[in-house]
Amino acid sequence: MMTTTNLRPLADQAAKQAYAPYSRLHVGAALRSRNGSTYSGCNVENGSLSLGSCAERSAISAAVLAEGPEFRLDAIAISAFDRNGQPMQVPPCGACRQVLKEFGADAIVGFLGGDGSWTEVGVESLLPHGFVLPEDL
Ligand code: THU
């Protein structure tokens, strides 16, 4: 059974690397690829605020760099901590949902849910009707 439980400590670790001086929300993501390898990412903000990048997409970039275009996503865990190191809920943002789905339509996504418990859901339930580029453009 595919799970994100063992990815969670890696996501926690990645969050410690975050560059988030503006929001002070430190986000980490750790994913497992279909071949069993793991990759991490953290959020990287910028003084030009809209240029910041999310932890999930940073992890996807690391995976593609390592495995190339054949990379497929099996599972990803996301962690976030506030300025005091308190765990925060962070369901993936809409843009990240679109990117996760591109690499794993059946992937499992784990995050701290609104009720404070670790939540695991399929990408499809996070982003039904995601955008797909038409082939006949
Ligand atoms: N953030 C992520 O890294 N992932 C998400 O899914 C949501 C938001 C980051 C972006 C920004 O640096 C900070 O959290 C506050 O929005």
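## A buried ring

F103 is buried, at a relative accessible area of 19%. Buried here means under 20% relative accessible area, exposed means over 50%, and partly exposed lies in between (1.4 Å probe, protein chains only). F71 is also buried, at 1% relative accessibility.

This is a predicted model: local features need pLDDT of at least 70, side-chain atom pairs count only at pLDDT 80 or more, and totals for chains, interfaces and linings use all residues. Residues are numbered from 1 along each chain as its sequence is written, and side-chain values use heavy atoms, with hydrogens and water left out.

## The aromatic pair

Rings of Phe, Tyr and Trp (its six-membered ring) pair if their centres lie within 6.5 Å. By this rule there is one aromatic pair. The ring centres of F71 and F103 are 5.4 Å apart and their planes meet at 40°, so the pair is tilted. Planes under 30 degrees apart would count as stacked, over 60 as edge-to-face, and the rest as tilted.

The pair links distant parts of the chain, 32 residues apart. F71 sits in the loop between helix 2 (55-67) and strand 3 (73-81). F103 belongs to helix 3 (residues 94-103). Helices (H or I, at least four residues) and strands (E, at least two) are DSSP runs, numbered from the N terminus.

## The ligand site

Residues around the ligand (a heavy atom within 4 Å) are S23, L25, V27, N43, E45, C54, A55, E56, P92 and C93. E45 places a polar side-chain atom 2.5 Å from a ligand oxygen. For E56 the distance is 2.6 Å. For an N or O atom in the N43 side chain, it is 2.9 Å.

The protein covers 76% of the 370 Å² of accessible area that the ligand has on its own. Those areas come from the Shrake-Rupley method with a 1.4 Å probe.

N43 lies in the loop between strand 2 (38-42) and helix 2. N43 is buried, with a relative accessible area of 6%. A polar atom of the N43 side chain is 2.9 Å from the backbone oxygen of L25. Both N43 and L25 are among the residues around the ligand.

V44 is in the loop between strand 2 and helix 2. V44 is partly exposed, at 37% relative accessible area.

Terms used. A polar contact is a pair of N or O atoms within 3.5 Å; within protein, one must be able to donate a hydrogen and the other to accept it, and residues adjacent in sequence count only if both atoms are side-chain atoms.
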